[in-house]
Amino acid sequence: MTEDKNRATAAAILPLVGGARNITSIAHCMTRLRLGIRDRSLVQDEALKALPAVLGVVEDDTYQIVLGPGTVARVTPELERLAADDSTPTPQPESPTAPHPGAHTGPEDTPQPAPGPTPTALNPTAADLAAQGAVLKARQKARNATPVKLFLRRIADIFVPLIPALIGCGIIAGVNGLLTNAGWLPVLVPALTAIASGFMSLIAVFVGYNTAKEFGGTPVLGGAVAAVIVFPGVANITAFGQKLSPGQGGVLGALAAALLAAQLEKQLRRRIPEALDVLLTPTLTVLLTGLVTVFGLMYAAGEVATAIGAFATWLLAHGGAVAGFLLGGLFLPLVMLGLHQALIPIHTTLIQQQGYTVLLPILAMAGAGQVGAALAVYVRLPRNRSIRTTIKSALPAGFLGVGEPLIYGVSLPLGRPFITACIGGAFGGGTVGLFNQLGDAVGSTAIGPSGWALFPLVRGNHPLGTTVAVYALGLAIGYVVGFVATYLFGFSRQMRTDLNATPQPMDPAPTAGEAGTAAPPVPHRGSLTDARAPLQDAG
């Protein structure tokens, strides 16, 4: 029955994204089906959102359909099988003058409203907010297309395929910890230790493999040079007057080594004759990069990794409340600026060093603020059925840590609620940071999940019950402060009046004798349009 349900979901999704021939790639992460789309105008956003299994859609470098943890891993292979059949014809846009639902239209394609009050002006709907959110996101995406931010995105893409293994091993490690502390099943504990730790002991190899693949090199050569880092024999090598230790440099060293290998390999292939390429290129790539890794990168990356761990520990021990407040409040603006990608290698380094990252639970509070803000919007707009329906459909994903439907469909287009949501995240982050400062460290054994989905991965330096309670308290405070701040300060009086107004019919077009006699309406001060204006150029 479950298999039929997943197949039905995939079959429903396929025609709504333009058919098999409109898909260039299929992948998935923790909660999202990620599709490469050939022609964006063929994707039917609203129809996709209406599917029972779909929690939301997000457009980034790929088209992402939010299905939730577990479901996405089952629907993806079904969609791959259907797409491989290539039996679904590619639909054509309805007409040049009537854009397909979900089609992107630029400013030059957007019809200008006629003078006079319109339903949209007086009572904006969820579709209006979604359109405004799409414009804001597209504008921010264009601004984020800088070389540095695009490079950070590629770095993040190296770690995304590793998330399922990090989650699985992290949960096993948590269970093993419970068994160890309780003294249960002592025969099973060593086996679980090996299972949970095996991947982390070789994570550098996987990072090297993915790095070479991402940057155009041969993946196995990237894995080969990264494997040098974890080889026990490096303990016999001295660099910079110190004996190396296996694993020194960790994922940062593997990243640097594989990146160097990919660039070196491409240069060698341009210069080495084809007859010798198969012998010399891989040999020289591994040899030269391996020497640089052993006598330079391992030491340098090890120092950087040690500094990251020491700084994170010092920061939360001495200024945890302030640091948590700033991190929780500023994380969503960092996401909008594309700078959050730089945190992924830092999270992974902390997990490798300490067994968990203390930063992720703090950053997860940003999502709690969004949920609280959305609930306040729902309460504050009792007559705007469209926006309330959007919030109800997006809240389950929000509680699980998938915040984009709420951000780009509700809070960001409205303006003020986005700011008050960040305030909620700041107080939630400050709470978790305060407990870190008091000695109750709260961390996550994996990256990717957030919100309620992070509970199975929470771990710290105290019993699990204490750690989970602190994380739950942070979420609760994020929800409450986000709600209260949005309820009290999220709307001006005029905004609330406009958003709750009963839709009015459009005035009939003036006759020839009346043309030019009516003055155009003056926008209400504090209206939705005014509230959104400052965010148009935010970032």
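Which helix does Ile 423 lie in? Select Ile 423 and follow the chain to either side: the residue belongs to helix α18. Helices here are DSSP runs of H or I with at least four residues, strands are runs of E with at least two, and both are numbered from the N terminus.

Before going on, note what is on the screen. This is a predicted model, in which local features need pLDDT of at least 70 and side-chain atom pairs count only at pLDDT 80 or more, while totals for chains, interfaces and linings use all residues. Residues are numbered from 1 along each chain as its sequence is written, and side-chain values use heavy atoms, with hydrogens and water left out.

**Stop 1: a nonpolar patch**

Keep Ile 423 selected. Ile 423 is partly exposed, at a relative accessible area of 34%. The cut-offs are under 20% for buried, over 50% for exposed and in between for partly exposed, with a 1.4 Å probe and protein chains only.

Together with Ile 423 they form a nonpolar patch on the surface, with about 630 Å² of accessible area. Areas come from the Shrake-Rupley method with a 1.4 Å probe, and for residues only the protein chains shown count as cover. A patch takes residues with over 30% relative accessible area and no salt bridge; nonpolar side chains (Val, Leu, Ile, Met, Phe, Trp, Tyr) are joined within 5 Å, and like charges within 9 Å.

Which helix gives the largest share of the nonpolar patch? That is α12, with four residues.

**Stop 2: α11 against α12**

Two packed helices are described by the angle between their axes and the distance between the axes. The axes of α11 and α12 come within 7 Å and cross at roughly 155 degrees. That makes α11 roughly antiparallel to α12. Axes are lines fitted to C-alpha atoms, for helices over the stretch in contact, and angles run from 0 to 180 degrees between N-to-C directions. Angles under 35 degrees count as roughly parallel, over 145 as roughly antiparallel, 65 to 115 as roughly perpendicular and the rest as oblique.

The crossing of α11 and α12 is right-handed. A crossing is right-handed if the near helix is turned clockwise from the far one by less than a right angle, and left-handed if anticlockwise.

**Stop 3: α15 and two partners**

Select helix α15 (residues 365–380) and helix α16 (residues 385–399). They pack at about 160 degrees, with their axes 10 Å apart. α15 and α16 are therefore roughly antiparallel to each other, and α15 passes α16 in a left-handed crossing.

The axes of α15 and α19 come within 7 Å and cross at roughly 40 degrees. That makes α15 oblique to α19. The crossing of α15 and α19 is right-handed.

**Stop 4: salt bridges**

Side chains of opposite charge can pair when their charged atoms come close. How many salt bridges does a search of the whole structure find? The search finds eight, each being a side-chain nitrogen of Lys or Arg within 4 Å of a carboxyl oxygen of Asp or Glu.

Select Arg 7 and Asp 4, whose closest N and O atoms are 3.1 Å apart in a salt bridge. They are three residues apart in helix α1 (residues 2–16), so about one helical turn separates them. Arg 7 is partly exposed at 32%, and Asp 4 is partly exposed at 46%.

Then select Arg 81 and Glu 78, which meet in a salt bridge of 2.9 Å, N to O. These two are three residues apart in helix α3 (residues 71–85), again about one helical turn. Arg 81 is partly exposed at 48% relative accessible area, whereas Glu 78 is buried at 6%. Show both pairs at once: salt bridges that share partners join Asp 4, Arg 7, Glu 78 and Arg 81 into one network.

**Stop 5: a loop residue**

Last, select Phe 240, in the loop between β5 (238–239) and β6 (242–243). Most residues other than glycine have a negative phi. Phi of Phe 240 is near 55 degrees, a positive value. Phe 240 is exposed, with a relative accessible area of 56%.
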